[in-house]
Amino acid sequence: MLTFLWKFIVFYVFYTSGFLSNYVTFEDEANIPAIAKYFNTKGRYEEVNPYLREDILAVNRSILQPPLDECQQIHLTAIIRHGTRYPTTKNIKEMQQLYNMILHNASGEQSWLHELQTQWRMWYTEDMDGRLVQKGVDELKHLAVRLSKLFPSLISEEKLRGGFIKFITSSKHRCVNSTLSFKAGLTELWHIKDMEFDHAVNDALMRFFDKCTRFLEEVDNNPSAVTEVEKFKQGPEMRRVQQKIADILNVPYSAITDDMAEAAFYLCAYEFAIKTVNSPWCRLYDEVDAQVMEYANDLKHFWKRSYGYDINSKSSCILFHDVFSRLEKAAKENMSGQQVAEAVTVQVGHAETLLPLLTLLGFFNDSEPLTSTNFAAQTRRSFRTSHMLPYAANLILVLYDCGGGDLRLQPLLNEKPVTFPGLADQASMPLYQDVLQHYRDLLQGCDFETECQLFKQPAEV
């Protein structure tokens with residue numbers, strides 16, 4: 001009780017004094033669905049970093065841990081997924097179909113089902129189609145402020161005003177608006193009203209998957225590429241979830257398709273992510289059900305965007321080379337005593353932007369691939385999009401100069417240090433040259449145009 005009163009007093013002081021009134025939150029745990037940590041790419045950033053539920057601007061600079069006190073940050077690249085969005089038109093149509101069935105056919109006795117039938121209204125409309133919501137605006141503003149606290153020498157008012165921070169975005173409205181929100185987080189933090197800051201739209205970098213012919217033909221538009229996903233949807237685990245939902249609603253088993261089961265799961269996720277509501281939709285699933293739904297979605301991402309096919313990751317070659325060319329330019333400028341011209345690059349894209357790049361870099365690669373038959377064996381898998389790719393997910397690469405030509409590169413995922421696969425012996429801040437050596441084959445090869453040709457030319461003898 002005293003803890004609650006203390007939190008309330010702190011919040012009240014902040015709120016009434018005007019300091020950070022939009023930024024400090026204390027969230028009631030009862031409002032969080034028990035299944036919230038299984039929402040895949042529809043999950044909140046706060047489920048990945050729970051400490052943000054109490055203070056949305058909390059940072060811990062000690063996690064950076066440079067090997068020497070004299071290490072100075074000289075460049076930062078942040079590749080960021082857009083913030084929380086509305087469902088897409090396709091999802092909304094499936095949700096409407098499910099809602100109509102529940103309104104007219106379901107006859108269970110549960111109070112929450114009665115609430116769905118009499119009080120809840122289908123408020124999602126097709127014209128919403130994936131647009132950024134207010135929560136998404138706030139997420140990018142908050143992320144900008146937190147990164148400025150984590151990296152104050154790089155993300156600073158001086159650097160922003162001086163043109164040393166560059167912004168690049170996908171053309172999708174949710175990404176453009178996320179970019180505008182990130183910039184607003186900084187300009188509001190520093191009360192900048194006399195300048196505006198440009199951003200570049202670059203789909204070749206941030207939507208490379210739309211430009212890769214081989215990926216589109218062999219994977220994205222190829223039903224046979226997701227055979228494992230379809231098998232799982234027809235398998236015993238998904239069938240049990242569908243039948244359980246049908247039993248709860250008192251409808252025939254045939255009435256609940258795998259698309260309807262997914263639509264109900266998404267309704268729980270969207271209601272929570274957008275409105276912070278523990279919706280009656282969430283009562284259709286217990287934790288075991290949610291793990292099945294999570295695995296079905298992880299399977300789809302594994303086969304369509306990640307380790308399932310080589311071209312999935314190779315489609316991100318263009319972004320990979322862009323990132324490393326920025327690092328190399330910053331390293332050379334720094335070593336020659338020049339000021340680094342591009343101290344910070346903020347690039348806003350999609351889950352489909354981040355996942356192929358993470359895959360190309362070798363992150364979250366389990367010893368066994370995800371298949372339709374190894375759900376039980378994969379309970380401890382590292383490949384969990386719920387952990388990797390919530391809304392506002394971000395991969396950050398920070399280049400340090402530790403003196404005497406000692407350059408270090410630190411990767412962070414969702415503001416937490418991670419270790420480059422294959423460089424575990426150097427912890428989270430390996431020598432930059434060792435990183436270049438580790439990825440030398442990709443740096444020398446991995447040509448986007450060559451990889452993405454539908455029919456490769458035979459090698460000359």
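Trainee: How does the lining of the largest pocket divide by class?

Mentor: By class, that lining has 19 charged, eight polar and five nonpolar residues. Here Ala, Val, Leu, Ile, Met, Phe, Trp, Tyr, Cys and Pro count as nonpolar, Asp, Glu, Lys and Arg as charged, and the others, Gly among them, as polar. Keep in mind that this is a predicted model, in which local features need pLDDT of at least 70 and side-chain atom pairs count only at pLDDT 80 or more, while totals for chains, interfaces and linings use all residues. Residues are numbered from 1 along each chain as its sequence is written, and side-chain values use heavy atoms, with hydrogens and water left out.

Trainee: What volume does the largest pocket have, and which residues are closest to its centre?

Mentor: The volume is about 960 Å³, and among the 32 lining residues the closest to the centre are Arg 85, Lys 90, Lys 300, Arg 305 and Glu 352. On a 1 Å grid over the protein atoms alone, a pocket is an open set of points with protein on both sides within 12 Å along at least five of seven lines, a cavity is a set where a 1.4 Å probe fits but cannot get out, and lining residues have an atom within 4 Å of a point. Grid points are joined across faces, edges and corners, and the volume is the space filled by probe spheres set on them.

Trainee: Which elements give two or more residues to that lining?

Mentor: They are helix 3 (89–104), helix 7 (173–189), helix 10 (227–233), helix 12 (258–275), helix 13 and helix 16 (351–361). Helices (H or I, at least four residues) and strands (E, at least two) are DSSP runs, numbered from the N terminus.

Trainee: And cavities, how many of 30 Å³ or more are there?

Mentor: The count is three. The largest has a volume of about 80 Å³, and its lining includes Val 229, Asp 258, Met 293 and Lys 300. Helix 13 provides the largest share of this lining, with four residues. The second largest cavity holds about 50 Å³ of space and is lined by residues including Tyr 45, Glu 46, Glu 139 and Arg 146; helix 2 and helix 5 are the elements that give it two or more lining residues.

Trainee: Switching to charges, how many salt bridges does the count come to?

Mentor: It comes to 28, where a salt bridge is a side-chain nitrogen of Lys or Arg within 4 Å of a carboxyl oxygen of Asp or Glu. One of them joins Asp 289 to Arg 240, with the closest N and O atoms 3.1 Å apart. Because Asp 289 lies in helix 13 (residues 287–305) and Arg 240 in helix 11 (residues 236–249), this pair ties together parts that are 49 residues apart in sequence.

Trainee: Are those two buried or exposed?

Mentor: Asp 289 is buried, at 0% relative accessible area, whereas Arg 240 is partly exposed, at 34%. Buried means under 20% relative accessible area, exposed over 50% and partly exposed in between, using a 1.4 Å probe and protein chains only.

Trainee: What about Arg 326, which residue forms a salt bridge with it?

Mentor: That residue is Glu 342, and the closest N and O atoms are 2.4 Å apart. The pair links distant parts of the chain, 16 residues apart, with Arg 326 in helix 15 (residues 317–335) and Glu 342 in the loop between helix 15 and strand 4 (344–349). There is also a network of salt bridges that links Arg 214, Glu 218, Asp 310, Lys 314 and Glu 451.

Trainee: Which residues does Lys 135 contact, leaving aside neighbours within four places?

Mentor: Lys 135 is in contact (heavy atoms within 4.5 Å) with Glu 46, Thr 84, Ala 273 and Ile 274. Lys 135 sits in helix 5 (residues 134–150) and is buried, with 15% relative accessible area.

Trainee: What is the phi of Gln 65?

Mentor: Gln 65 has a positive phi of about 45°, although it is not a glycine. Most residues other than glycine have a negative phi. Gln 65 lies in the loop between helix 2 (45–48) and strand 1 (72–81) and counts as exposed at 59% relative accessibility. Cys 446 also has a positive phi, near 50°, but Cys 446 is buried, at 7%.
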